[in-house]
Amino acid sequence: MSVAIVVLTAALLVVIALLAGAGAAKLARLDGATYPTALTRAATTVAATLTVMATVTAAVSALCT
């Protein structure tokens, strides 16, 4: 697999995680949460999204080899 494809895929996964975090923060603010609470929820969402994506990537790469 080309290094460029791996780098672009990693960048895409990070962007998706950041968008999920932004959505979580916006929903928290609409629910009446304070800014620190909304940022905490966003950070938790980003971390969870990246963890799930890393796990899925590891599982798929193990199946492909």
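Predicted model: local features only at pLDDT ≥ 70, side-chain atom pairs only at ≥ 80, totals over all residues.

Q: Fine. At what angle do the axes of α1 and α2 cross?
A: Roughly 150°. α1 covers residues 3-30 and α2 covers residues 35-64. Their axes come within 8 Å.

Q: Which residues of α1 and α2 make the contact?
A: From α1, they include Leu13, Ile16, Ala17, Ala20, Gly21, Ala24 and Ala28. From α2, they include Tyr35, Ala38, Ala42, Thr45, Thr49 and Met53.

Q: How do the residues of that contact divide by type?
A: 15 are nonpolar, four polar and two charged.

Q: Switching to the core. Which residues make up the largest nonpolar one?
A: Five alanines: Ala25, Ala28, Ala33, Ala38 and Ala42. α1 and α2 each give two or more residues to this core.

Q: What does Ala25 touch, beyond four places away in sequence?
A: Ala38 and Ala42.

Q: Now Thr45. Where is it found?
A: In helix α2. Thr45 is partly exposed, with a relative accessible area of 24%.

Q: What is Thr45 in contact with, leaving aside neighbours within four places in sequence?
A: Ala20, Gly21 and Ala24.

Q: How far apart are Thr45 and Ala20?
A: 25 residues in sequence, and 6.7 Å in space, C-alpha to C-alpha.

Key. Residues numbered from 1 in each chain as written. Heavy atoms only, no water. Axes fitted to C-alpha atoms, helices over the stretch in contact; angles between N-to-C directions. Helix = DSSP H or I, 4+ residues; strand = E, 2+ residues; numbered from the N terminus. Contact = heavy atoms within 4.5 Å. Nonpolar A, V, L, I, M, F, W, Y, C, P; charged D, E, K, R; others polar. Core = buried A, V, L, I, M, F, W, Y, C linked by side-chain atoms within 4.5 Å. Buried < 20%, exposed > 50% of the residue type's maximum accessible area, 1.4 Å probe, protein only.
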